[in-house]
Amino acid sequence: MTYRSLALASDAVTMQGLSTFEDHGDHIVQRTRAEPDYWHGNIVIMKDCRNPLADVGHFARHFPDATHHVTVWDIPNLDPAPIAAVLKPQGFDIDTFDVLALNGPLSDAAMPSGIILRELNHNDWPALTDLQIEVSREDGYDPASHRPYLERRNIARQRQIAEGLGTWFGAFDGDLIVGSMGLFHDTSIARYQAVETRASHRRRGICAALLSHSHQWLHPRAPQATTIIVAEADSNAGRLYRRAGFTLAETLVEATKPGY
């Protein structure tokens with residue numbers, strides 16, 4: 001499957017072995033059958049944007065039992081305003097994401113004092129889920145409903161890592177995991193995922209150190225890969241990634257209705 005958007009091409013890389021992609025002519029359906037509550041693993045990808053209301057209508061036909069809705073347009077730098085004018089009155093959130101690419105060297109980042117960076121081992125994953133639950137509370141997610149989703153996501157990630165498709169790094173303060181970052185790749189594209197830092201340890205350079213550490217891991221494995229990271233438009237995370245050396249490659253627009 002070929003995409004115009006770097007973000008969608010890198011999404012496909014991160015879902016190697018997990019998702020199927022069905023081409024329906026004017027749109028693509030991505031399914032992740034083992035994770036039906038993974039909103040961004042069960043989506044409709046539109047190849048064009050002529051009628052936003054008709055575009056989002058494809059989702060209900062392909063996912064009649066879904067509680068969420070995600071439609072994304074494979075059109076880099078699409079203007080979100082006309083889509084929002086049509087779909088916001090129908091209850092959709094219209095989100096714009098900055099797709100950032102590393103086109104030069106990554107800025108070096110000093111290791112924060114007292115912090116150890118390493119790949120996760122099998123025993124670390126429950127603690128990672130706890131960290132993700134803590135961070136997700138800040139975004140309003142209910143741990144009771146969000147934890148099963150995270151546990152399934154992390155089981156799938158471990159399976160991909162065992163197959164050599166990527167890895168997951170943790171930042172540890174003693175035995176406590178205080179930050180994490182995934183990185184998946186093929187020979188042409190690499191994608192950072194789920195960059196998170198515990199609230200008690202922010203503004204100490206942990207995220208920048210994780211970026212640098214993981215990039216050093218990537219380079220000998222996929223030296224020609226274009227490295228991608230995606231952040232909400234005009235976010236603090238996006239500004240941090242720009243300081244590290246990433247530049248804006250494109251924007252991506254999606255229409256969503258959360259599942260819980």
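Predicted model: local features only at pLDDT ≥ 70, side-chain atom pairs only at ≥ 80, totals over all residues.
Tutor: Local features need pLDDT of at least 70 and side-chain atom pairs pLDDT 80 or more, while totals for chains, interfaces and linings use all residues. Residues are numbered from 1 along each chain as its sequence is written, and side-chain values use heavy atoms, without hydrogens and water.

Student: How many aromatic pairs does the structure hold?

Tutor: Rings of Phe, Tyr and Trp (its six-membered ring) pair if their centres lie within 6.5 Å. Planes under 30 degrees apart count as stacked, over 60 as edge-to-face and the rest as tilted. The number of aromatic pairs in the structure is nine.

Student: Which residue has the charged end of Arg118 over its ring?

Tutor: A charge sits over a ring if NZ of Lys or CZ of Arg is within 6 Å of the ring centre and within 35 degrees of the ring normal. For Arg118 the distance from the centre is 4.0 Å, and the ring belongs to Phe172.

Student: Which residues on the other side of α2 are exposed?

Tutor: Helix α2 (a DSSP run of H or I, at least four residues) spans residues 52-62, and its buried residues include Val56 and Phe59. Buried means under 20% relative accessible area, exposed over 50%, partly exposed in between (1.4 Å probe, protein chains only). The exposed residues on the other side of α2 are Ala60 and Arg61.

How values were computed:
Helix = DSSP H or I, 4+ residues; strand = E, 2+ residues; numbered from the N terminus.
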